[in-house]
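Welcome! Let us walk through this structure together, one chain at a time.

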Amino acid sequence: MVAAKKTKKTHESINNRLALVMKSGKYTLGYKTVLKSLRSSKGKLIIIANNCPPLRKSEIEYYAMLAKVGVHHYNGNNVDLGTACGKYYRVCCLSIIDPGDSDIIKSVPGDH
Amino acid sequence: MVKFLKPNKAVIVLQGRYAGRKAVIVRSFDDGTRDRAYGHCLVAGIKKYPSKVIRKDSAKKTAKKSRVKCFVKLVNYRHLMPTRYTLDVDLKDIVTADCLQSKDKRVTASKETKKRFEERFKTGKNRWFFTKLRF
């Protein structure tokens, strides 16, 4: 009960925070660049859509575990994540390099 | 935010002739060099894994079964899968960037790493590294 109520409010707030990152921060979209940002230790938070193929999801999580970077499983599929980023294409995973004015890095990884 | 492609990290080579083999990073070039403008590293890996040694084996047989064949290669970061394991064998002096210039330098480097890998295998440490990855 509490979880259902919580997800709607926090879901919107994640979208708001993502929108702020898109406007003011640095990010990369897509699997190849996410791995690149993890290897170069530039990524600070990784967001994965819920319909990401499980092998790819495990791979990104493993890299993030090695790099000690938080991973957030977005409550929505790649179409929703693309819309949340303000793009007209699907985004399966994205990496936030510089959050700009947003506090997404401090507030979000708590729930993973 | 921690760099993990550092020397002594055990990795798995994903592409090429040595795909599926385990290797250890000896030296990493994060920003590339003039010849290779991408992040890559020098790895020393196992070409042929040592076989399973059982208690029944004679000394001659154990010696034969514990042989390791090695390779030295420059690999793009994209063609590696990093693992959480490390292997601290000191290979910095034998495996250098210029040991890949000529065939005989490459052979001597492989022979030296073979020696070091074999003595590490015989101590029984880093057992994960010397077992073949099944796929």
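A residue counts as buried when its relative accessible area is under 20%, as exposed when that area is over 50%, and as partly exposed in between, using a 1.4 Å probe and protein chains only. By that rule, buried residues make up 39% of the 135 residues in chain B, while 41% of the 112 residues in chain A count as buried.

Before going further, please keep in mind that this is a predicted model, in which local features need pLDDT of at least 70, side-chain atom pairs count only at pLDDT 80 or more, and totals for chains, interfaces and linings use all residues. Residues are numbered from 1 along each chain as its sequence is written, chains are lettered from A and ligands numbered from 1 in the order in which they are written, and side-chain values use heavy atoms, with hydrogens and water left out.

How well does the model score? Its ipTM is 0.90 and its pTM is 0.90. For chain B, the mean pLDDT (the predictor's confidence in each residue, from 0 to 100) is 93, and 100% of the residues reach 70 or more.

Let us start with chain A. Chain A has five helices and four strands, and from the N terminus on they follow the order α-β-α-β-α-β-α-β-α. The C-alpha trace of chain A spans about 40 × 30 × 30 Å along its principal axes. The radius of gyration is taken over C-alpha atoms, and the globule rule is 2.2 Å times the number of residues to the power 0.38. A compact globule of 112 residues would have a radius of gyration near 13 Å, and chain A agrees with its 13 Å.

Contacts tell us how the chain comes together; a contact means heavy atoms within 4.5 Å. Among the contacts in chain A with a separation of 6 or more, 80% are between residues 24 or more positions apart. For charges, Lys and Arg count as positive and Asp and Glu as negative, leaving out His and the chain ends; each charge is placed at NZ of Lys, CZ of Arg, CG of Asp or CD of Glu. Chain A has 18 positive and 8 negative charges, and their mean positions are 4 Å apart.

Now for a few residues of chain A. Helix α1 covers residues 2-24 and holds His11(A); Leu18(A) lies in helix α1 too. Is Leu18(A) buried or exposed? Leu18(A) counts as buried because its relative accessibility is 0%. Setting aside neighbours within four places in sequence, Leu18(A) is in contact with Ile47(A), Leu81(A), Ala84(A), Cys85(A), Leu94(A) and Ile104(A). His11(A), at 21%, counts as partly exposed, and beyond residues up to four places away in sequence it touches Tyr74(A) and Asn75(A).

Helix α4, residues 78-84, includes Asn78(A). With 16% relative accessibility, Asn78(A) counts as buried. Apart from neighbours within four places in sequence, its contacts are Ala49(A), Asn51(A), Arg90(A), Val91(A) and Cys92(A). Ser41(A), in turn, sits in the loop between α2 (31-39) and β2 (45-48). The phi angle of Ser41(A) is near 55 degrees, a positive value in a residue other than glycine, and Ser41(A) is partly exposed at 21% relative accessibility.

Chain B has two helices and five strands, arranged from the N terminus as β-β-β-α-β-β-α. Its radius of gyration is 15 Å, close to the 14 Å that the globule rule gives for 135 residues, so chain B is as compact as a globular protein of that length. Along the principal axes, the C-alpha atoms of chain B fill a box of roughly 50 × 35 × 25 Å.

In chain B, residues 24 or more positions apart account for 62% of the contacts with a separation of 6 or more. Chain B exposes about 8,400 Å², of which carbon and sulfur atoms supply 50%. There are 37 positive and 12 negative side chains in chain B, and the centres of the two sets lie 10 Å apart.

Our last stop is Asn126(B), in the segment after α2 (103-123) of chain B. Phi of Asn126(B) is near 50 degrees, which is positive in a residue other than glycine. Asn126(B) is partly exposed, with a relative accessible area of 23%.

Note on methods: Accessible areas come from the Shrake-Rupley method with a 1.4 Å probe; for residues, only the protein chains shown count as cover.
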